[in-house]
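Take a walk through this structure with me.

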Amino acid sequence: MYGKAFAPEYQGELGAELSVNSSYEDVLVAARRVRGAAGTPGDAARAALAEAEAGRRLGRVAEAEDAWRASYRSARAAADAGGMAWALWSGGTLARQCGRLALARRLLAAAVAFAEQGSDRLAHGYALAGLAETGRIQGDYEAVAELHEELLAQARAHGEARHMVWAMSGIAQMHRNKGEYEKALGLFEESARIAEGADDVRGLAWSLRGVADVRSVRGETEEALRLLSKGEALCRELDLAGALAYNHKMRGNVLYRAGRYEEAAAVYRGALAEFRAMSEPRGSALARLGLVKSRARTGWPYDEVLAELDEVEREVTRIGLRHARDMVRSFRAELSAERTAVHSHGATTRRSPAVPARS
């Protein structure tokens, strides 16, 4: 059995006041109030941590950056190794969101070390989870698959629904990207059930996105769109700017797979604007890829498509997104093969009157 989801990043006075489903605008207001009245460095560290996480979720990158660094300085002044670990976890998560994956790994590895020093089991688990997710989004599945399974076992042992949902959906995503759709669907659906039972709205929104993705691959377009609409409502309820942008990007994917290319292009354009507004280069690159694919299918000039694909490939390579890089190359090869086939068919048609039939 799993208990109700909770948010260990809200600590001290804020831990009693806020829940995992608190609006991030409300979190910001509360965190700033508590931070302004903080009587000790420890109180200031905890309030700044909540402020950093709310800012990050809302896509306010500069504010989140300032807040996690302030949290770290205050925790260091309080000689609180666990507090330093939480601040570094927040900074590493923000770095990953901003596409700075090498920095994310350094900060998260340091968070693991401080969490061990401070014997903070939750901070240790969250920092390890951050390292695992960083490797997963890079496509380094072999390196992080075992860590995902370890974290899943820990979550089960301690009945922590939020981490259970995170680890299960991460494993599901790896299965999905390897083409193992039935395994992925089962895990995404289970994580959605656990999230809903634990009242983890954010986890439910992300899990529904995963279910919709696999349903779409199986040709269940309308069901996928219904699930994404449900997830979108949850994202809007909690001001989940990043999750909402990824929800929209997935809607573009679903429409593209269904051959509704004009609709897909419009949705991708909207998602791209959302990602750029929050300085999210990974999401921006994926939305750009979806947009250029949609444009290619609606008659965009071949040379312009290739130029845009080249730009997207450079960007995902810079960030370190192996799976996305492979998707770019696969689509380029697909277009090239189609173009070759068309030209070959045209040439054969033009030559055929002069070529004797073979027996």
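The structure holds 33 salt bridges. A salt bridge here is a side-chain nitrogen of Lys or Arg within 4 Å of a carboxyl oxygen of Asp or Glu. Keep in mind that this is a predicted model, in which local features need pLDDT of at least 70, side-chain atom pairs count only at pLDDT 80 or more, and totals for chains, interfaces and linings use all residues. Residues are numbered from 1 along each chain as its sequence is written, and side-chain values use heavy atoms, with hydrogens and water left out.

Start with Glu9. Its salt-bridge partner is Arg162, and the closest N and O atoms are 2.9 Å apart. Glu9 lies in the segment before α1 (13-17), while Arg162 sits in helix α9 (residues 161-177), so the pair ties together parts 153 residues apart in sequence. Helices (H or I, at least four residues) and strands (E, at least two) are DSSP runs, numbered from the N terminus. Glu9 has 1% relative accessibility, so it counts as buried. Arg162 counts as buried too, at 15%. The cut-offs are these: buried means under 20% relative accessible area, exposed over 50%, and partly exposed in between (1.4 Å probe, protein chains only).

Now find Glu133. Its salt bridge goes to Arg96, with 3.6 Å between the closest N and O atoms. This pair also links distant parts of the chain: Glu133 belongs to helix α7 (residues 121-138) and Arg96 to helix α5 (residues 81-97), 37 residues apart. Both residues, Glu133 and Arg96, are buried.

Where does a salt bridge stay within one helix? Look at Glu315 and Arg318 in helix α16 (residues 302-319): they are 3 residues apart, which means a separation of about one helical turn. Their side chains meet at 2.9 Å, N to O. Glu315 is partly exposed, at 22% relative accessibility. Arg318 is exposed, with a relative accessible area of 54%. Elsewhere, salt bridges that share partners join Glu182, Glu189, Arg215, Arg218 and Glu220 into one network.

Next comes a glycine. Gly186 lies in helix α10 (residues 181-197). Its relative accessibility is 34%, so Gly186 counts as partly exposed. Gly186 and Val211 are 25 residues apart in sequence, and their C-alpha atoms are 8.6 Å apart in space.

Turn to the backbone. Most residues other than glycine have a negative phi. Ala79 has a positive value, near 55°. Its place is the loop between α4 (61-77) and α5. Ala79 is exposed, at 69% relative accessible area. Asp199 also has a positive phi, of about 60°. Asp199 lies in the loop between α10 and α11 (201-217), and at 43% relative accessibility it counts as partly exposed.

Now step back. How many helices and strands are in the chain? There are 17 helices and 0 strands. Of the 359 residues, 55% count as buried.

The C-alpha atoms fill a box of roughly 95 × 40 × 35 Å, taken along the principal axes. For 359 residues, a compact globule would have a radius of gyration near 21 Å, and the chain has 23 Å, which agrees. That radius is taken over C-alpha atoms, and the globule rule is 2.2 Å times the number of residues to the power 0.38.
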